[in-house]
Amino acid sequence: MSAPRPGSTLAHALGGGDWSATTIALLGLAALGYTCLLAWSAPRRRSPWAVAAPGAAWLAGLTALGAALASPLERLAEDSLTAHMVQHLLLTIVAAPLLVVADPVPRVLSALPPRARDVVARPWAAVVRGARRPGVVLVVAVGYLAVVLLWHLPGAYEAAVRSEALHVAEHLTFLAAAAVFWWCVLRIPRRRLGQLVAGLVAVLVPAFGEAVLGGAMMLSSTPWYEVYVGTAADHGFDPVADQQVAGAVLWATGTPVYLLAAVVLVLRLVRSAPAEDGPPVPVPPMPGRARPALDAAGR
């Protein structure tokens with residue numbers, strides 16, 4: 001087994017060993033905090049599903065984050081491209097969409113003091129209104145794909161494996177770009193034809209780009225990343241085979257998720273009636289208060 005590289009990864013930095021106790025504790029606090037917020041801000045006389053569904057999505061998203069960042073997978077990713085690819089996919093197509101489906105922003109807004117909520121709610125409604133524009137979701141999709149592709153360039157990828165700071169930055173940018181992308185795709189109502197087409201094209205942008213990246217890895221007969229040439233052999237497998245498996249994982253898991261999102265968009269269009277301005281942006285009320293709502297213009 002080769003000696004650990006100088007730039008330790010996030011799991012080593014936060015906890016050491018194969019499991020990061022600090023990261024797990026932070027994720028546990030996030031799970032507990034949001035569960036309490038859901039119970040406190042849930043409208044009365046509503047089905048328990050109104051709390052259970054976002055709560056389950058939040059817990060599942062945090063579990064995916066823990067599997068990616070606090071489990072032995074983080075350490076194995078130092079030595080295997082396939083493990084690193086699984087880690088990236090857990091961040092971008094599992095954790096990010098689940099956390100977006102949990103829809104924490106309106107509930108956090110509802111928990112703010114009235115004055116603070118009034119200050120934040122209007123800018124948030126403006127962000128939602130802007131995100132409905134077809135061009136915005138396309139720019140977000142291209143930006144998300146650019147983040148994925150740039151971090152897989154050999155220079156950037158190997159630098160992130162060797163440097164703790166860059167490794168953390170890599171994970172943060174993956175998660176942030178994916179969260180913005182999935183928020184635009186899954187949380188923004190798209191009832192007009194132009195909005196629907198833009199949403200569908202936006203979903204296909206990373207689907208096509210990642211399929212090409214995965215296919216290139218599968219077809220390549222030389223390793224792209226020198227950092228894995230020795231470490232793969234230490235685990236008893238060929239670095240080229242490791243790279244090809246990583247490409248197959250990217251190609252076989254990413255594409256179905258994006259296509260499923262496209263199906264969701266189409267079903268939403270079929271089930272929804274046309275609306276000129278779209279539905280209001282919900283802000284769950286605090287206990288004992290009337291239910292506030294903001295339309296797309298923040299009124």
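The following exercises, with worked solutions, concern a predicted model of the protein shown above.

**Exercise 1. Overall make-up**

Determine how many helices and strands the protein has, and what share of its residues counts as buried.

*Solution.* Begin with the secondary structure: the protein contains 13 helices and two strands. Then consider the surface, which amounts to about 14200 Å², with 72% of it supplied by carbon and sulfur atoms. Finally, examine the contacts with a separation of 6 or more: 78% of them join residues 24 or more positions apart.

**Exercise 2. The packing of H9 and H10**

Describe the geometry with which helices H9 and H10 pack, and identify the residues that make the contact.

*Solution.* First locate the elements: H9 spans residues 154–162 and H10 spans residues 164–187. Their axes lie 5 Å apart, at an angle of about 115 degrees. Next list the partners: H9 contributes Tyr 157, Ala 159, Ala 160 and Arg 162, while H10 contributes Glu 164, Leu 166, His 167 and Glu 170. Sorted by class, these residues comprise four nonpolar, one polar and three charged.

**Exercise 3. The second largest pocket**

State which helix gives the most to the lining of the second largest pocket, and classify the lining residues.

*Solution.* The pocket has a volume of about 260 Å³ and is lined by 14 residues. Nearest its centre lie Ala 96, Leu 99, Val 100, Pro 104 and Ala 179. At least two lining residues come from each of H3 (49–69), H5 (81–101), H6 (104–111) and H10. Of the helices, H10 gives the most, with five residues. By class, the lining holds twelve nonpolar and two charged residues, with no polar ones.

Note on methods: Residues numbered from 1 in each chain as written. Predicted model: local features only at pLDDT ≥ 70, side-chain atom pairs only at ≥ 80, totals over all residues. Heavy atoms only, no water. Axes fitted to C-alpha atoms, helices over the stretch in contact; angles between N-to-C directions. Helix = DSSP H or I, 4+ residues; strand = E, 2+ residues; numbered from the N terminus. Contact = heavy atoms within 4.5 Å. Nonpolar A, V, L, I, M, F, W, Y, C, P; charged D, E, K, R; others polar. 1 Å grid on protein atoms, 1.4 Å probe; cavity = no way out; pocket = protein on both sides within 12 Å on 5 of 7 lines; lining within 4 Å. Points joined across faces, edges and corners; volume = space filled by probe spheres on them. Buried < 20%, exposed > 50% of the residue type's maximum accessible area, 1.4 Å probe, protein only. Areas by Shrake-Rupley, 256 points an atom, 1.4 Å probe, with all protein chains shown as cover.
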